[in-house]
Amino acid sequence: MTDLDERGDGMEQTAPVWAVFGDLMSGLLGAFVLILVGVLVVQMDLMANLETEVQKRRVEEQRRMALEKALAIPLATGRVTLNNGRIGISGSVLFPLNSDQLRPDGRLLLKSLVPPLTVYLGERDELLMVSGFTDDKPIQEGNPRFADNLALSAQRALTVTRALIEEGMPSSLAFAAAFGAEQPVASNADEKGRALNRRVEMAPVPKSANVKPATP
């Protein structure tokens, strides 16, 4: 075999190696590009989600500050609390134990809330959900008006809603909800905790097709 033949055989053997190597590098480069694109897409999604969350928190903070400003005077008295956009009033401030009859001082307190809340709701096109809550102790025997805590919380929420409307809040802006002993804010193991759980909360909520206020 001549030297030319030997060189030809060597080139034939080397060529496939370089071809395979080139294909491998092309595949690796393609995979790297796909990974890079995937990472960039994930980063863009994370940035978009972060921006959305930041904007949401900014809106919630502005909403909280506006509500605090609207209720500055009632909050200063200590008889009203504001937590995560929920206005809380102790049940003992509004009602005698196991009763849905408003105390005179309780009605005066509700009356003081009507003007700022009406303005706040009107500016934001929102509704006021009035929610009643109780502790977990059964209704006292001999009280035929209420079958259980759910019935008591429902009637108290309706009583507060009616009082707000009677004091000037448009009936289209308020509706009642009842939770009974559900969603306690403290332990029911002692009287202090049960007193905290006997409460009425009012929370501004966005209007929607599924929430239709009705005049009590």
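Student: Which helices and strands each supply at least two residues of the lining of the largest pocket?

Tutor: Rolling a probe the size of a water molecule over the atoms shows where empty space is left. In this predicted model, local features need pLDDT of at least 70 and side-chain atom pairs 80 or more, while totals for chains, interfaces and linings use all residues. Residues are numbered from 1 along each chain as its sequence is written, and side-chain values use heavy atoms, without hydrogens and water. A pocket is an open set of points on a 1 Å grid over the protein atoms alone, where a 1.4 Å probe fits, with protein on both sides within 12 Å along at least five of seven lines; lining residues have an atom within 4 Å of a point. Here β1 (81-83), β2 (86-90), α6 (191-197) and β5 (199-206) each supply at least two lining residues. Helices (H or I, at least four residues) and strands (E, at least two) are DSSP runs, numbered from the N terminus. The largest share, five residues, comes from β2.

Student: Which lining residues lie nearest the centre of the largest pocket?

Tutor: Of 15 lining residues, T81, G88, I89, L196 and R199 lie nearest its centre. R199 also lies over the face of F133, 3.8 Å from the ring centre (CZ of Arg or NZ of Lys within 6 Å of the centre and within 35 degrees of the ring normal).

Student: How is the aromatic pair of F133 and F179 arranged, and what are its distance and angle?

Tutor: A pair of aromatic rings is described by the distance of the centres and the angle of the planes. F133 and F179 are stacked, 5.0 Å centre to centre with 5° between the planes (Phe, Tyr or Trp six-membered ring centres within 6.5 Å, planes under 30 degrees apart). F133 lies in β3 and F179 in β4, so the pair ties together parts 46 residues apart in sequence.

Methods
Phe/Tyr/Trp six-rings, centres within 6.5 Å; stacked < 30°, edge-to-face > 60°.
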